[in-house]
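Here is a short walk through one protein model. Keep the sequence and the structure in view as you read.

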Amino acid sequence: MLEPDYADIRDAVRALCADFPGAYWRDLDARMEYPTAFVDALTKSGFLAALIPEEFGGSGLPLSAGCAILEEVQRAGCNGSACHAQMYTMGTLLRHGSDEQKARYLPRIARGELRLQAFGVTEPGSGTDTLSLRTFARREGDTYFISGQKVWTSRAEHSDLMILLARTTPKEDVARKSDGLSVFIVDMADALKNGMTIRPIRTMMNHATTEIWYDNVPVPAANLIGEEGKGFRYILSGMNAERILIAAECIGDAKWFIERASDYAKERQVFGRAIGANQGVQFPIAKAYAAMRAAELMVHEAARAYEAGANAGEEANMAKMLAADASWEAGNVCVQTHGGFGFAAEYDIERKLRETRLYQVAPISTNLILSYLAEHALGLPRSY
Ligand SMILES: Cc1cc2nc3c(=O)[nH]c(=O)nc-3n(C[C@H](O)[C@H](O)[C@H](O)COP(=O)(O)OP(=O)(O)OC[C@H]3O[C@@H](n4cnc5c(N)ncnc54)[C@H](O)[C@@H]3O)c2cc1C
């Protein structure tokens with residue numbers, strides 16, 4: 001295998017993750033608790049501020065460095081979903097926020113004093129059809145009052161700030177459905193005192209996700225990002241980064257599964273020899289490895305296109321889909337290689353399998369990626 005990029009960063013992430021072994025994650029998983037110590041350690045080490053420009057106190061590294069960090073987190077058996085959003089939600093503020101907003105928040109995020117982990121887009125009534133969301137921000141003087149409901153707002157209870165997408169003009173009154181949506185920075189502590197209610201959702205993996213009700217929650221107009229009504233464009237521009245970073249996490253998961261499966265296949269003796277001596281055991285692992293390597297190339301290609309300033313929509317979507325498929329298949333093979341032990345919690349395989357399953361659905365489901373490719377890469381009619 002070629003030497004991967006960012007070798008020093010990868011070594012440092014691996015060293016940090018060594019303090020958070022499987023037992024740490026199993027215990028949290030059983031209690032459905034947030035990995036506060038792990039997120040604190042990643043924050044203190046500066047990894048979560050890797051993409052924040054140096055002028056605001058971050059490391060100013062490109063997206064591919066974020067990919068290397070998150071890939072190593074997953075490859076070490078840890079779970080970056082507890083904090084990965086900070087890397088991409090920050091981009092919305094960085095690219096579209098005013099100088100005053102950037103100066104107010106970014107240095108404090110970089111120092112680890114503020115957590116920008118929550119991202120409120122999905123609603124129960126609209127799902128993937130984001131443009132039909134109904135949460136509404138009504139302006140009165142210098143304040144917007146927000147009412148509505150979001151679902152799957154992850155990490156809301158562990159974040160000081162949230163990036164929120166809401167309608168500011170009803171869908172019926174705009175020329176294009178993508179107009180009339182706006183993005184706000186919500187101060188969670190203020191909102192909780194003024195009409196915001198958070199309810200955790202228990203899921204098949206430990207993910208700290210929630211649903212949130214907004215009952216006339218006041219948000220200062222100074223917290224509107226960019227121009228009113230242009231918010232959908234701002235959110236879209238961050239979605240490619242999100243998909244590429246999550247694809248890198250899936251590559252990390254796939255590597256973890258493949259390494260575990262190979263190690264076990266070398267050690268486990270049945271019928272007087274290592275199970276890995278049987279081609280029926282070897283070949284599925286080898287196939288998962290080839291699929292992972294191919295997906296990894298697409299992740300690199302997507303990061304390259306993104307960093308070159310190109311519209312990386314096609315590459316970002318393909319990277320996310322291929323990497324999520326590779327991690328899911330590698331997980332399946334890892335369970336099979338371990339036989340009954342693949343189901344035992346103490347091996348961590350079933351936990352990682354539950355965790356990586358999410359990426360077939362979030363942040364965008366496979367069907368919607370295929371629709372995107374059909375329409376934008378192949379020129380087929382729009383199907384929805
Ligand atoms: C654990 C978790 C964490 C999440 N975190 C966040 C978060 O922090 N912030 C946030 O805003 N959202 C978050 N999400 C939401 C996530 O982005 C959505 O679940 C995802 O986009 C799918 O939307 P949906 O669940 O409403 O599915 P739906 O839109 O209801 O779709 C259901 C199924 O139908 C398929 N489908 C729908 N329309 C079509 C079509 N036209 N053609 C073919 N197939 C179609 C979909 O592919 C999917 O398989 C999270 C979700 C989960 C489960």
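Begin with a pair of helices. α8 and helix α11 (residues 349-357) pack at an angle of about 155°, and their axes are 11 Å apart. Helices here are DSSP runs of H or I with at least four residues, strands are runs of E with at least two, and numbering starts at the N terminus. Axes are lines fitted to C-alpha atoms, for helices over the stretch in contact, and angles between N-to-C directions run from 0 to 180 degrees. α8 and α11 are therefore roughly antiparallel to each other. Angles over 145 degrees count as roughly antiparallel, under 35 as roughly parallel, 65 to 115 as roughly perpendicular, and the rest as oblique.

This is a predicted model: local features need pLDDT of at least 70, side-chain atom pairs count only at pLDDT 80 or more, and totals for chains, interfaces and linings use all residues. Residues are numbered from 1 along each chain as its sequence is written.

Which residues make the contact of α8 with α11? From α8 come Cys250, Asp253, Trp256, Phe257 and Arg260. From α11 come Ile349, Lys352 and Thr356. Two residues are in contact if their C-beta atoms, placed from the backbone, lie within 7 Å. By class, this contact has 4 nonpolar, 1 polar and 3 charged residues. Ala, Val, Leu, Ile, Met, Phe, Trp, Tyr, Cys and Pro count as nonpolar; Asp, Glu, Lys and Arg count as charged; the others, Gly among them, count as polar.

α8 has another partner. Helix α8 (residues 231-267) packs with helix α9 (residues 279-307) at an angle of about 155°, with axes 9 Å apart. α8 and α9 are therefore roughly antiparallel to each other. Their contact includes Ile244, Ala248 and Ile251 of α8, and Ile285, Met292 and Val299 of α9. The residues of this contact divide into 19 nonpolar, 2 polar and 2 charged.

Now step back to the domains. The protein is divided into domain 1 (7-110), domain 2 (116-231) and domain 3 (233-377). These bounds come from an automatic or database domain assignment. The centres of domain 1 and domain 2, taken over C-alpha atoms, are separated by 23 Å. Their contact takes 18 residues from domain 1 and 16 residues from domain 2. On the domain 1 side, α2 (22-31), α5 (85-96) and α6 (99-110) each give two or more residues. α5 gives the most, with 7 residues. By class, that side has 10 nonpolar, 7 polar and 1 charged residues.

Next, find the ligand. How many residues surround the ligand? There are 23, and the closest are Val121, Gly127, Thr128, Trp152 and Ser365. A residue counts as near a molecule or strand if its C-beta atom, placed from the backbone, lies within 6 Å of it. β1 (116-120) and α12 (366-377) each supply at least two residues of the shell. α12 has the largest share, 3 residues. The shell has 10 nonpolar, 13 polar and no charged residues. Domain 2 and domain 3 both give residues to the shell around the ligand, so the ligand lies between them.

A cis peptide bond joins Ala362 and Pro363, with omega about -5°. Pro363 lies in the loop between α11 and α12. Tyr6 sits in the segment before α1 (7-17). Phi of Tyr6 is near 60°, a positive value in a residue other than glycine.
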